[in-house]
Amino acid sequence: MTGATNVVAIYPAHDVAEQAVSKLRDAAFNVIKLSIIGKDYHTDEKVVGYYTTGERMKYWGVRGAFWGGIRGLLIGAGFSWFPASVRYW
C-alpha cells in the first residue's frame, strides 16, 4: 500500500481526546503527525512532544535538588566565612 493513511476518531470531551493522545504516545506513535480539531476550544499549538505532569516532576525534581544543594552550600559557606569571635560594638 502506497500513500497516506488517515484515521478519524470522535471523542465526547477534550479530556478523553487527550487520554487517547497519551495512549498513542505511549505506544510509540509519532505525535508530530497528529492533529486535533475541536469545537469551542480555541488554541493554536504546534506540538513537538507530549509532556505529562509526571515527566515534568521527574525532570525539575532532579534539577531542583541539585540547585537547592548548591545554594545551601554557598549560603552555608557564607555564614561560616565570618568568624564568631568578631564583636560588633
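Rings of Phe, Tyr and Trp (for Trp, its six-membered ring) are taken to pair if their centres lie within 6.5 Å; planes under 30 degrees apart count as stacked, over 60 as edge-to-face and the rest as tilted. By this rule the count comes to one aromatic pair. Phe66 and Trp67 form this pair, and the arrangement is edge-to-face.

The structure is a predicted model; local features need pLDDT of at least 70, side-chain atom pairs count only at pLDDT 80 or more, and totals for chains, interfaces and linings use all residues. Residues are numbered from 1 along each chain as its sequence is written, and side-chain values use heavy atoms, with hydrogens and water left out.

The protein has two helices and zero strands. Both terms refer to DSSP runs, numbered from the N terminus: helices are H or I with at least four residues, strands are E with at least two. Buried residues make up 6% of the 89 residues. Here buried means under 20% relative accessible area, exposed over 50%, and partly exposed in between (1.4 Å probe, protein chains only). The accessible surface comes to about 8800 Å². Carbon and sulfur atoms account for 62% of that surface. Areas come from the Shrake-Rupley method with a 1.4 Å probe; for residues, only the protein chains shown count as cover.

Helix H1 covers residues 14-26 and has 13 residues. From first C-alpha to last, H1 reaches 18 Å, close to the 18 Å expected at 1.5 Å a residue. The expected span is 1.5 Å times one less than the number of residues. Ala17, Ala20, Val21 and Ser22 are the buried residues of H1. An α-helix has 3.6 residues a turn, so residues three or four places apart point the same way.

The structure holds one salt bridge, defined as a side-chain nitrogen of Lys or Arg within 4 Å of a carboxyl oxygen of Asp or Glu. Arg25 forms the bridge with Asp26. The closest N and O atoms are 2.8 Å apart. Asp26 is exposed, at 58% relative accessibility.

Ala28 follows H1 and lies in the loop between H1 and H2. Its phi is positive, about 70 degrees, although Ala28 is not a glycine. Most residues other than glycine have a negative phi. Ala28 is exposed, with a relative accessible area of 71%.

Ile36 belongs to the loop between H1 and H2. It is exposed, at 52% relative accessible area. Ala17 is one of the buried residues of H1. Lys39 lies in the loop between H1 and H2 and is exposed at 75% relative accessibility. Lys39 and Ala13 are 26 residues apart in sequence, and their C-alpha atoms are 9.6 Å apart in space.

Phe66, Trp67, Ile70, Leu73 and Leu74 make a nonpolar surface patch of about 580 Å². Patches are made of residues with over 30% relative accessible area and no salt bridge; like charges are joined within 9 Å, and nonpolar side chains (Val, Leu, Ile, Met, Phe, Trp, Tyr) within 5 Å. Phe66 is partly exposed, at 46% relative accessibility. Trp67 is exposed, at 57%. Leu73 lies in helix H2 (residues 53-81) and is exposed, at 61% relative accessibility.
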